[in-house]
Amino acid sequence: MDNPTKRILIVDDEAGFTRLLKLTLEGTKRYTVREENDGSQALYTARQFRPDLVLLDIMMPKMDGGDVARQISNDPILREVKIIFLTAIVSKQEIGSVGMGGYPFMAKPVSLAALTEMIEETLGVQ
């Protein structure tokens, strides 16, 4: 394969959302996706999976997305991993804005077309 699939980790406490998003993204045949529904386990899962990108919810029990993003960016193995926040606490007008830690964010619910565009832009995929 000329273009290997990109690895995406979805971290969100809503299992139904992560499952649907995983199936949708994998359906494009461009991504290999893993889900993590416990923010406190996100760093461990990311170390095991070695994603190119993390789609990260902000509001989660145990550990919020800002803390997860800090852990990832401070980890010597993962510090180059790209992050996009997916959250219900921003408005559609704020989509793509730079949020916490300088990472872009998108409002949930998100369309596949808009999300794919943001993923490819963030990963520098042509």
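Five strands form an open sheet in the order β2-β1-β3-β4-β5, and their pairing is parallel. Two strands count as paired if DSSP finds at least two bridges between them. Strands (E, at least two residues) and helices (H or I, at least four) are DSSP runs, numbered from the N terminus. The edge strands, each pairing on one side only, are β2 (31-36) and β5 (105-107). From one strand to the next, the twist averages 20°.

This is a predicted model, in which local features need pLDDT of at least 70 and side-chain atom pairs count only at pLDDT 80 or more, while totals for chains, interfaces and linings use all residues. Residues are numbered from 1 along each chain as its sequence is written, and side-chain values use heavy atoms, with hydrogens and water left out.

Strands β1 (residues 6-11) and β3 (residues 53-56) run parallel and are joined by four bridges. Leu9 stands opposite Val54 in β3.

### Helices on the sheet

Angles run from 0 to 180 degrees between N-to-C directions, and axes are lines fitted to C-alpha atoms, for helices over the stretch in contact. Contact means heavy atoms within 4.5 Å.

| Helix | Strands | Angle |
|---|---|---|
| α1 | lies across β1, β2, β3 and β4 (82-87) | about 175° to β2 |
| α3 (residues 65-74) | touches β3 and β4 | about 175° to β4 |

Helix α1 (residues 15-26) also packs with helix α4 (residues 112-123), at an angle of about 70° and with the axes 11 Å apart. That makes α1 roughly perpendicular to α4; this term covers angles of 65 to 115 degrees. Leu21, Thr24 and Leu25 of α1 make the contact with Leu112, Leu115 and Ile119 of α4.

### Nonpolar cores

A nonpolar core is a set of buried Ala, Val, Leu, Ile, Met, Phe, Trp, Tyr and Cys residues joined through side-chain atoms within 4.5 Å. Buried means under 20% relative accessible area (1.4 Å probe, protein chains only).

The largest nonpolar core has 20 residues, and those with the most contacts inside it are Val11, Val54, Leu56, Val68, Ile72, Ile83 and Phe85. Two or more residues each come from β1, α2 (42-49), β3, α3 and β4. Helix α2 gives the most to this core, with four residues. Another core, of 16 residues, lies apart from it and includes Ile8, Leu21, Leu53 and Leu115.

Beyond its neighbours within four places in sequence, Ile72 is in contact with Leu43, Val54, Leu78, Arg79, Val81 and Ile83.

Note on methods: Parallel < 35°, antiparallel > 145°, perpendicular 65-115°, else oblique. Buried < 20%, exposed > 50% of the residue type's maximum accessible area, 1.4 Å probe, protein only.
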